[in-house]
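Welcome, and please load the model in your viewer. We will go from stop to stop, selecting as we go.

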Amino acid sequence: MIKRAEDMVNLFNENMRGGEGTVHIIRYLEPSEYNGNAKMIAKLIFNPGCSIGEHIHEGEEEIICISKGTAEYNDNGTIVTLHEGDSCVCLGGQSHGIRNASETDVLEVFAVILLY
């Protein structure tokens, strides 16, 4: 199966999980298009100041890879800076949040949510 960029679902989630601004989500594939246990496979785009508020993952885990920009990442209440090429995992039962740390540049991340 091949899926072209123009066929991917684009979503715009305002104040995602209590965060600031609007997160642009490009869903690379929909769960109905593969047999794995991924709930989401997507690119998330954050304009300056945009964020996803802190939240807990239950029955799932999320893998995030920073593909462009600098993020302020809340890892179970500990704030760390992530740069292009860095990655992180939020395991089930843990909490996290993410914010574009730049006042001028876009933050892009690749995110996968896996169910278990």
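Start by selecting His55 and His96: His55 stands opposite His96, which lies in β9. Before moving on, note that this is a predicted model, in which local features need pLDDT of at least 70, side-chain atom pairs count only at pLDDT 80 or more, and totals for chains, interfaces and linings use all residues. Residues are numbered from 1 along each chain as its sequence is written, and side-chain values use heavy atoms, with hydrogens and water left out.

β4 and β9 run antiparallel and are joined by 4 bridges. (Strands are DSSP runs of E with at least two residues, numbered from the N terminus; two of them pair if DSSP finds at least two bridges between them.) Widen the selection to the open sheet of 4 strands, β4-β9-β6-β7, where the pairing is antiparallel. β4 and β7 (78–83) each have a single partner strand, so one side of each is left without a neighbour in the sheet.

Next, select the other open sheet, with 6 strands in the order β1-β2-β3-β10-β5-β8 and antiparallel pairing. Its edge strands are β1 (9–14) and β8 (87–90), each pairing on one side only. Inside this sheet, zoom in on β5 and β10 (residues 107–115), which pair in the antiparallel sense over 8 bridges. Click on Glu60 and you will find its bridge partner, Leu115, in β10.

Time for the largest pocket, with a volume of about 240 Å³. (On a 1 Å grid over the protein atoms alone, a pocket is an open set of points where a 1.4 Å probe fits, with protein on both sides within 12 Å along at least five of seven lines; lining residues have an atom within 4 Å of a point. The volume is the space filled by probe spheres set on the points, which are joined across faces, edges and corners.) Of its 17 lining residues, select Met16, Arg17, Met40, Glu62 and Ile113, the closest to the centre. β2 (22–29), β3 (38–46), β4 (51–56), β5 (60–68) and β9 (95–100) each supply at least two residues of the lining.

Finally, select the cysteines. How many disulfides does the structure hold? The count is 0, a disulfide being a pair of cysteine sulfur atoms within 2.5 Å. The sulfur of Cys65 is too far for a bond, because the closest cysteine sulfur, in Cys88, is 7.8 Å away. For Cys90, the nearest cysteine sulfur is that of Cys88, 8.3 Å away.
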